[in-house]
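Trainee: I have a model open on my screen and would like to learn how to read it. Could you walk me through some features?

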Amino acid sequence: MFDRLDSLPPDAIMALMQQCKADTRTDKVDLGVGVYKDAAGTVPIMRAVKTAEEIIFGEEKTKTYVGTTGRVGFRETMLELVLGTDHPVLGSGRIASSQAAGGSGALRLGAQLVQAAAPDATVWVSTPTWANHIPLIGSTGLKLQNYPYYNRDTLGVDFDDMLAHLDANAKPGDLVLLHGCCHNPTGADLSHAEWDRLVPFMNERGLVPFIDLAYLGLGRGIEDDGYGLRLVVRDCAESLFTVSASKNYGLYKERVGLLAVVCNNPDEAVVIQSRLGAIQRTLISMPPDHGAQIVERILGNGDLKRMWMDELTEMRERINGLRQLLSEALNVQGGEAIARAVVAQNGMFSMLPVTKDQAIRLREDHAIYMTNSGRINIAGANASNIPGVADALLSVLS
Ligand code: PLP
Ligand code: TYF
């Protein structure tokens, strides 16, 4: 039977990562895959994570199953982190939640729930969005459509176009997938003022927010980065959000994430909690535990939490320092607009106005790796190669 199937192309970003790895040029710069790298170019294990692992190694008594929706302590501490301990919805009983296999597993779980509740709903995603949103959500059978978001001329968000498009095309009960912060692939986020306008707009039109938060703390800080999500949870009767612990804890391969579903009332939340367990059972039975145990230990221990926060601040400051350096290096004739965008954008990514051919030239002629769409992961650079990256970029753009 397997001869009936054709092969499929590999994930483009993973393929780019392999291609860069195989490149023998010593001055290569990997601005491809979205993982945080330190100044030495390694993807480090955070000290708080290592310390938590050592404690777990000494204290863990059993590897028995935890359950389909994972650890209660993980879910509670993550919700407190993301929403803030004084959030009005936190103690309301309106939130159902589940641990998941990464942010990706949480997205799939959430989409599967939406598909069960509202199979005719459309999920609106930004142009562009993280490429994996399409298969993760689309494979449930839900329909996906695009709303305008990033303007490649202004290198910013087309907020008025976004609202006008949703106003004209989305129907009540549709979902709008929003990036909580550090938009992937563009780095262009909604301002607080835009979130303030978006939330009442969505409420008036009966649109349900579905927020993907994968980079909390890597943009401007936890409070700032969580602004839109906290507002949505406070002001919308129903919403969903996913949280990934891959980037801000460096727990990529451990696969740890959270899905939260904010319901109209506590009775509904009880029903949805049972559904989340049932859906997870159809997908993977139970989520992996190790990463969730680490996160729970860190967030539940004052010293470890401070250690983690300090490291997260170091990571964010490194990224923002590199943004500043790149911006300064690009701030010459012809590069001014990109220079401004690079410091206005948030998180690891920026989307540069390079064509596919230019991205290929940067790869082939300069050993600088970025996606064909012009997305760079700024954390892949360092202070010594930034001037070369800026020069190469300006040369292919001229
Ligand atoms: N959402 C976005 C926008 C991402 O960039 C990522 C990153 O990999 C994820 C979700 C989920 O990542 P993971 O499944 O590794 O937690
Ligand atoms: O966008 C990125 O680079 C990260 C990592 O299939 C990633 O989100 C890339 C591709 C993929 C899974 C994760």
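Trainee: Let me start with one residue: in which helix does Gly321 lie?

Mentor: Gly321 lies in helix α12. Keep in mind as we go that this is a predicted model.

Trainee: Is Gly321 buried, exposed or partly exposed?

Mentor: The idea is to count C-beta atoms around the residue: 20 or more within 10 Å means buried, and 12 or fewer means exposed. Gly321 has 14 C-beta neighbours inside 10 Å, so it counts as partly exposed. Gly321 and Asn382 are 61 residues apart along the chain, and their C-alpha atoms are separated by 9.7 Å.

Trainee: Let me try the count on another residue. Why does Leu207 count as buried?

Mentor: Leu207 counts as buried because it has 22 C-beta neighbours inside 10 Å. Its place is in the loop between α7 and β8 (208-213). Leaving out residues up to four places away in sequence, Leu207 touches Leu166, Ala170, Asp174, Val176 and Met202. Arg318, by contrast, is 111 residues from Leu207 in sequence and 37 Å from it in space, C-alpha to C-alpha.

Trainee: How many residues does helix α7 have, and how far does it reach?

Mentor: Helix α7 (residues 192-205) has 14 residues. From its first C-alpha to its last it reaches 20 Å, close to the 20 Å expected at 1.5 Å a residue. Gly206, with a positive phi near 70°, follows α7.

Trainee: And how do I read the faces of a helix?

Mentor: An α-helix has 3.6 residues a turn, so residues three or four places apart point the same way. Take α10 (residues 266-283) as the case: its 18 residues should span 26 Å at 1.5 Å a residue, and the end C-alpha atoms are 26 Å apart, which agrees. The buried residues of α10 are Ile272, Leu276, Ile279 and Gln280. Down the axis of α10, these buried residues fall within an arc of 100°, so they line one face of the helix.

Trainee: What do the buried residues of α10 pack against, and which residues are exposed on the other side?

Mentor: The buried residues pack against β2 (95-100), α4 and β10 (257-262). On the other side of α10, the exposed residues are Asp267, Val270, Val271, Arg281 and Thr282.

Trainee: Now for the whole chain. How is it divided into domains?

Mentor: There are two stretches of chain in domain 1 (10-45 + 314-397), while domain 2 is 65-300. Their C-alpha centres lie 27 Å apart. The contact between them takes 24 residues from domain 1 and 22 residues from domain 2.

Trainee: Why does ligand 2 lie between the two domains?

Mentor: Look at where the shell residues come from: domain 1 and domain 2 both give residues to the shell around ligand 2, so it lies between them. The residues around ligand 2 are Asp11, Ile13, Met14, Val33, Gly34, Trp130, Asn132 and Asn184. By class they are four nonpolar, three polar and one charged.

Trainee: Which residues come nearest to ligand 1?

Mentor: Of the 13 residues around ligand 1, the nearest are Gly102, Gly103, Ser104, Ser244 and Ser246. Helix α4 (residues 102-117) gives the largest share of that shell, three residues. The classes there are three nonpolar, nine polar and one charged.

Methods. Residues numbered from 1 in each chain as written. Chains lettered and ligands numbered in written order. Predicted model: local features only at pLDDT ≥ 70, side-chain atom pairs only at ≥ 80, totals over all residues. Near = placed C-beta within 6 Å. Nonpolar A, V, L, I, M, F, W, Y, C, P; charged D, E, K, R; others polar. Domains from an automatic or database assignment. Helix = DSSP H or I, 4+ residues; strand = E, 2+ residues; numbered from the N terminus. Expected span 1.5 Å × (residues − 1). Contact = placed C-beta atoms within 7 Å. Arc of directions from axis to C-beta.
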